[in-house]
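Subject: Structure handover

Hello,

Here is the structure I promised to pass on. Please open it next to this note. My findings follow below.

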Amino acid sequence: RGSMTTTDGAAPIKTEGLTKHYGDVKALVGLDLEVQRGEVFGFLGPNGAGKTTTIRSLLHFLFPTEGKASVLGLDVATNAVEVRSRVAYVPSEYSLYPKLTGAENLTYLANLRGGVDGDYVNQLAERLEVDLTRKVSDLSTGNKQKVGLIQGFMNRSELVILDEPSTGLDPLMQQELQALIREVREDGRTVFLSSHSLAEVERVADRVGILRHGHLVVVEPLDALKRKAIRRIDLEFDEPVEASAFEGIGGVHSAESRGNTVVVSFEGSVNALLRAALDHNVVNLNSREADLEQIFLTYYTNGGPDAA
């Protein structure tokens, strides 16, 4: 890499006002994003939110309507070839040469990059349980995806961009993928993980950005997002209690009475809620996990908790 541009310390991904219109459709609007070196950044949003448009703009497969992007400190418009040579990318729909085996596809791609460590490729194939001696046309969708993932990890690139990478993988293989993502981070390298699945992202991401109709509505550390998540508590009393006894208490979103039980959704501290409960005779209580899916929907459908 001696001849390459020196970009030490530069953000692996930085966009300023990145915008992409397809005719009247605003796929991406004014995206300002900075991904830090050595983190797993989860890029969340349903299909059609603009995630793939963002990725394709970062790799200069698409030309933005406005704004700019840099990858590893390099402006993507003027350094597209070098950017692509230093980034690993696994698209959501992965195409391979169907008449070649998995191994032949990977060897061809590796040679384009100047070769890779064959032992590491075999190790990845073992971990992902895919037979590289079979022709790609004979592989299931899930196994084709695994060959794509091997391509993404085999170069040990500085930045790995994964677009919906777990499509077609069974739960065990999803865990193996998560382990691979963590290993990239432990190595001080960076992962940009695009997904519509909060469950997938929350297992590995350090920070999360949520994209809504082409707009970035929030970027936060995962633990901060979790603290905002709505929790539920079931309070069982020795006699029916009106739900109105819990409405208006700080942090309470909703309360619903079901016989002798009141189900309360809340965020933040539980203290005020418990104090109100102790005005009655509590027989049992059951607290449920923070509902991250709910917070995702809050941001997605209303544009954030303030709007909600």
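E82 counts as buried, because its relative accessibility is 16% and the cut-off for buried is under 20%. Please keep in mind that this is a predicted model.

**Salt bridges**

What does E82 pair with? E82 forms a salt bridge with R86. The closest N and O atoms of that pair are 2.9 Å apart. Both residues sit in helix α2 (residues 80–86). They are four residues apart, about one turn of the helix.

R86 is buried too, with a relative accessible area of 4%. R86 also forms a salt bridge with E158, and here the closest N and O atoms are 2.9 Å apart. E158 lies in the loop between α5 (141–154) and β7, while R86 is in helix α2, so this pair ties together parts that are 72 residues apart in sequence. E158 and R86 are both buried.

Another pair is E256 with R258, at 3.2 Å from N to O. E256 is partly exposed, at 41% relative accessible area. R258 is partly exposed as well, at 48%. Across the whole structure, the search finds 11 salt bridges.

**The sheet**

Six strands make an open sheet. Their order is β6-β7-β8-β3-β9-β10, and the pairing is mixed. The edge strands are β6 (87–90) and β10 (215–221), each pairing on one side only. On average, neighbouring strands are turned by 15° against each other, direction ignored.

Strands β7 (residues 159–163) and β8 (residues 190–195) run parallel and are joined by five bridges. One detail to look up: T190 in β8 is the bridge partner of L159.

Which helices pack on the sheet? Helix α1 (residues 51–58) does, touching β3 (40–44), β6, β7, β8 and β9 (207–212). Its direction makes about 145° with that of β8. Helix α6 (residues 171–186) packs on the sheet as well, touching β3, β7 and β8. The direction of α6 makes about 145° with that of β8.

**A surface patch**

Y97, Y108 and L112 make a nonpolar surface patch of about 340 Å². Y108 is in helix α3 (residues 102–112). Y108 counts as partly exposed because its relative accessibility is 38%.

Best wishes

Key
Residues numbered from 1 in each chain as written. Predicted model: local features only at pLDDT ≥ 70, side-chain atom pairs only at ≥ 80, totals over all residues. Heavy atoms only, no water. Pairing = 2+ DSSP bridges. Helix = DSSP H or I, 4+ residues; strand = E, 2+ residues; numbered from the N terminus. Axes fitted to C-alpha atoms, helices over the stretch in contact; angles between N-to-C directions. Contact = heavy atoms within 4.5 Å. Patch = residues over 30% accessible without salt bridge, like charges linked within 9 Å, V, L, I, M, F, W, Y side chains within 5 Å. Areas by Shrake-Rupley, 256 points an atom, 1.4 Å probe, with all protein chains shown as cover. Salt bridge = Lys/Arg side-chain N within 4 Å of Asp/Glu carboxyl O. Buried < 20%, exposed > 50% of the residue type's maximum accessible area, 1.4 Å probe, protein only.
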